[in-house]
Amino acid sequence: MAQWPSGQGNALPRALVLGATGHIGAHVVRALLAEGCSVRAASHTPRYLSVLDGLPVERIQVDVEAAEGLRAAMEGCEWVFYAAGYYPRRHARRAQAVARGVDAVRGVMRQAQAARALRVVFTSSAATIRQVPGRLANESDAERWPLTEWRSLYATVKIAMEQEALRWAQAGAPVIVVNPSLCIGEYDAHRFSGRAVLAFAKYRLPVYLEHHFNAVYTGDVGVGHVRAAQQGRVGERYLLTGRNLSVKEFADLVARIAGVAAPRWRLPRPAALAIAAVSELAAAATRTEPFLPRHAVHTSHGGQCLDGTKAVRELGLPQTPIEEAIRRAVAWFRQYGIL
Ligand SMILES: NC(=O)c1ccc[n+]([C@@H]2O[C@H](COP(=O)([O-])OP(=O)(O)OC[C@H]3O[C@@H](n4cnc5c(N)ncnc54)[C@H](OP(=O)(O)O)[C@@H]3O)[C@@H](O)[C@H]2O)c1
């Protein structure tokens with residue numbers, strides 16, 4: 001790998017956000033603007049551009065898997081935020097999905113190096129953190145590659161992509177990894193994590209799974225990305241987390257805020273997998289997204305409570321109450337006509 005330039009550059013750098021129309025990217029864009037940065041906002045398609053309505057950003061379209069467009073997108077940008085999601089399709093072969101994700105990371109890193117970017121913030125996931133019985137898991141509990149235990153396709157691909165990003169950091173690239181937990185908030189047009197809210201607020205799911213997880217306000221995650229570029233340590237990973245809570249607590253909050261009935265029955269995992277399979281079939285038939293994808297059940301298996309104090313301490317990650325995050329998500333889904 002050729003030498004990467006060092007330093008942090010100007011106080012107000014120009015930033016490229018890959019995945020700017022995504023749930024996380026839309027918040028990263030707003031957090032950058034709040035800091036006074038100029039922003040180049042890259043989406044894959046024009047489909048969800050409305051989440052950037054009214055913002056003073058340069059809009060472009062780029063495929064992170066195509067080097068040519070990336071080179072032009074990065075020109076003149078000192079910070080690169082890689083929040084473009086690669087969500088492997090559930091039928092994808094594991095090895096192919098991993099190779100595709102890792103190749104995309106390599107392509108972005110190569111082009112960031114050529115563009116002499118001073119910081120690359122890579123959006124990974126809390127799914128790359130091992131579940132640790134008996135205590136809260138933190139950044140030191142990361143999975144290693146190759147995996148020794150079975151993980152969902154989503155987690156497997158995320159772990160492989162994160163390992164590739166960290167390899168670049170070890171070789172001198174100014175890469176910082178951030179690992180959000182389940183993001184709840186507005187601008188969730190793709191509804192990857194918003195499905196957790198919609199399952200109870202829209203589909204009125206009468207059942208819930210018995211486990212705990214961590215949910216975070218996406219606005220805090222956006223700020224966390226920017227702080228990672230400003231003051232994060234290169235080569236480190238930072239969990240961006242909010243509150244650890246049970247699915248029942250979360251569902252009750254959603255139901256209260258949305259003004260609908262709360263779920264009453266606890267669902268055993270085999271039944272959850274069966275419902276997820278049916279929801280995927282229905283989604284395939286209607287060309288919509290399943291409200292409960294199987295990987296969500298797999299990923300949540302055993303639960304995952306997290307200790308995110310490193311980002312609070314080192315990055316000053318804000319900690320908006322999860323009730324407020326749900327309130328904002330519900331209001332936005334209503335305004336957007338989804339709920
Ligand atoms: N949401 C969560 O709770 C959560 C939690 C932890 C980690 N993450 C990770 O964070 C990342 C972003 O998640 P998200 O929820 O914000 O995703 P999202 O809402 O699904 O948005 C994905 C974004 O990436 C863009 N994109 C997709 N494929 C692309 C491609 N080939 N080239 C360029 N851009 C592409 C999309 O553009 P279009 O709008 O044009 O499709 C969109 O802007 C993902 O890697 C995800 O795994 C998410």
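The following legends describe close-up views of a predicted model.

**View 1**

**View 2**
Strand 1 comprises residues 14-18 and is mostly covered, with four of its five residues buried. Strand 1 runs parallel to strand 2 (residues 38-43), and five bridges join the two. Within this pair, Arg14 stands opposite Ser38 of strand 2. Strand 2 is also joined to strand 3, by four bridges, and these two strands run parallel as well. Here Ala41 has Arg59 in strand 3 as its bridge partner.

Val62 lies in the loop between strand 3 and helix 2 (67-74). Is Val62 buried or exposed? Because 22 other C-beta atoms lie within 10 Å, Val62 is buried; the cut-off for a buried residue is 20 or more. Leaving aside residues up to four places away in sequence, Val62 touches Leu18, Ala42, Gly69, Leu70 and Ala73. Ile338, by contrast, is 276 residues from Val62 in sequence, and their C-alpha atoms are 27 Å apart in space.

**View 1. Helix 1 and the residue that follows.**
Helix 1 (23-34) is mostly covered, since ten of its twelve residues are buried. The buried residues of helix 1 are His23, Ile24, Gly25, Ala26, His27, Val28, Val29, Arg30, Ala31 and Leu32. At 1.5 Å a residue, the twelve residues of helix 1 should span 16 Å, and the end C-alpha atoms are 17 Å apart, which agrees. Just after helix 1, Gly36 takes a positive phi of about 90°.

**View 2. The shell around the ligand.**
How many residues surround the ligand? There are 29, and the closest are Gly19, Gly22, His44, Gly85 and Ser193. Helix 1 and strand 7 are the elements that give two or more residues to this shell. Helix 1 gives the most, with three residues. By residue type, the shell divides into twelve nonpolar, 13 polar and four charged residues.

Strand 7 and strand 9 (residues 212-217) run parallel and are joined by three bridges. In this pair, Leu182 stands opposite Ala215 of strand 9.

**View 3. Two loop arginines with positive phi.**
Arg116 is located in the loop between helix 3 (94-114) and strand 5 (119-123). Its phi is near 60°, a positive value in a residue other than glycine. Arg116 counts as partly exposed because it has 14 C-beta neighbours inside 10 Å. Arg204 is located in the loop between helix 5 (195-201) and strand 8 (207-209). Phi of Arg204 is near 50°, again a positive value in a residue other than glycine. With 13 other C-beta atoms within 10 Å, Arg204 is partly exposed.

**View 4. Helix 8 and Arg287.**
Helix 8 (residues 269-286) contains 18 residues. From its first C-alpha to its last, helix 8 reaches 25 Å, close to the 26 Å expected at 1.5 Å a residue. Just after helix 8, Arg287 takes a positive phi of about 55°.

Terms used:
Residues are numbered from 1 along each chain as its sequence is written. This is a predicted model: local features need pLDDT of at least 70, side-chain atom pairs count only at pLDDT 80 or more; totals for chains, interfaces and linings use all residues. Two strands pair if DSSP finds at least two bridges between them. A residue is near a molecule or strand if its C-beta atom, placed from the backbone, lies within 6 Å of it. Ala, Val, Leu, Ile, Met, Phe, Trp, Tyr, Cys and Pro count as nonpolar, Asp, Glu, Lys and Arg as charged, and the others, Gly among them, as polar. The expected span of a helix is 1.5 Å times one less than its number of residues. Two residues are in contact if their C-beta atoms, placed from the backbone, lie within 7 Å.
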